[in-house]
Amino acid sequence: MTEKGAKTAEKAAETAVQRCIEPACAGTFGLRERIYVCPRCGGSIELDGPLTARGDAPHWGHLGKRRRASPGARDRSGVWRFREMLPFADQTPFVTLREGNTPLYDAPRSAHYCGLAALRLKHQGMNPTGSFKDTGMSAAVTQAVVLGARTVVCASTGNTAASLAAYAARAGLTAAILLPRGQISAAKLAQSMDYGALVCEIDGNFDDGMRLIQELGEDPAIYVANSINPFRIEGQKTVAFEIMEQCGWEVPDHVVVPGGNMGNSTALGKGFQELLDLGLISRLPKLSVVQAEGSAPVARLFATLDSSRPPGDNSLPATMAPVSSPRTLATAIKIGAPVSWKKALRAVLRSGGKVIAVSEQEIADAKAMIGRDGIGCEPASATTVAGMKKLVASGHIAREESAIGVLTGHVLKDPDYISHYHRGTLSLDAGANDGAAQPIAGTFRNAPERVAATRAAILEILERRR
Ligand SMILES: [Zn+2]
């Protein structure tokens, strides 16, 4: 950056504020105030800074190329190379593991499966800890350092924990993570142990963990790194910028993301909105969110909204009925009371997208299809392709429209699920209150074959598979 650019960025970071999203309140608070909800009204908080990033799309294209080729850690990070768009002073001691810069893959088999002419998948599972959480965690742990916190905490379904554990280790902070006992994939749990976090397995679900986290956050030495944390959203919004770079600044018609705690959809919505406000894009992509049927409070709420009413921030529903015992094998989105639902819903409505739900069978089959494209992902990620198939069938997405699905986690995040699907033994356990055990068919199953250790036996099997 030029000296003048650095000064502009510095000034922007100084004048940015934390703002309550409730239009009737709109309270503003300083960047160093350690708040996660509005102290006046309890509303959600977001960062609001004067956008000082200058230049048009070609300028950003050149800058992006130059920084990605630079040896500097700040330039190589997919978050910090967009520093003019972030509410941090230029001298901030940033915490990075080279997050971001993830691939945007063509997925022809998945496209055909959805009924689309073409489909691209933005794979956030290709981040350092294997999930989309890393871009946001880079920013949140940096803010923890700025604030002088010694301990960072989160409740997690696994991915947030792994990411926080890694970034805290990088920054020399203590990480404490709350996980619902017995409901986390072994791979994710293993990551958190390896990165040296204090792992607390609680008798309760994710939503119980969130409640505890809010109580712990009252301690001044503790910093909360859940997606309720507005700085997480700032790091994560850079994914929207990367998508636009990778699309040559041609706005895709649709962007579809999984919906769990709703931080990801909030962040993407904010990123695209900022690009629009800066005049770098001329319209918003329609942002749609897909939840698992057994854990779909926002999709249920969306279905009750009057679609004939013009979307306005003042017409957002005041409350959302949570799902008390969420059920899904897509554990990353097994969340009954998503904290960022209002910010996410606002982004969806502003863009003209939808919030829908898909079944366990639809998730499992879409996931296998993503695998056949040679890409792979964790179960929750596959809601995007399952959801796109539904949105094409309902006419919301037209065959020739350009669509991008966001994959949130790496294929190795949940190997047990994959093994059960392909062996035909995948099943959703009976629910605590209602719902019988639900077997899931291995529609596209690909089980290992037991073969005699001879050339002839292997050739015979190959012939049969042809
Ligand atoms: Zn407020």
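Is Cys 25 buried, partly exposed or exposed? Cys 25 is partly exposed, at 22% relative accessibility. The model is predicted, with local features requiring pLDDT of at least 70, side-chain atom pairs pLDDT 80 or more, and totals for chains, interfaces and linings using all residues. Residues are numbered from 1 along each chain as its sequence is written, and side-chain values use heavy atoms, without hydrogens or water.

**View A. Donors of the zinc ion.** Cys 20, Cys 25, Cys 38 and Cys 41 each provide SG as a donor, at 2.3 to 2.4 Å from the zinc ion (donors are N, O and S atoms within 2.8 Å of the metal, or 3.2 Å for Na, K and Ca). Their spacing in sequence is C-x4-C-x12-C-x2-C.

View B. Cys 20 is buried, with a relative accessible area of 3%, whereas Cys 25 is partly exposed (buried is under 20%, exposed over 50%, partly exposed in between, with a 1.4 Å probe and protein chains only).

**View C. The largest cavity.** The largest cavity holds about 260 Å³ of space (a cavity is a set of points on a 1 Å grid where a 1.4 Å probe fits but cannot get out; lining residues have an atom within 4 Å of a point). Of its 25 lining residues, Phe 132, Lys 133, Gly 260, Asn 261 and Ala 332 are closest to the centre. By class, the lining has 9 nonpolar, 14 polar and 2 charged residues (Asp, Glu, Lys and Arg count as charged; Ala, Val, Leu, Ile, Met, Phe, Trp, Tyr, Cys and Pro as nonpolar; the others as polar).

Methods. On a 1 Å grid over the protein atoms alone, a cavity is a set of points where a 1.4 Å probe fits but cannot get out, and a pocket is an open set with protein on both sides within 12 Å along at least five of seven lines; lining residues have an atom within 4 Å of a point. Grid points are joined across faces, edges and corners, and a volume is the space filled by probe spheres set on the points.
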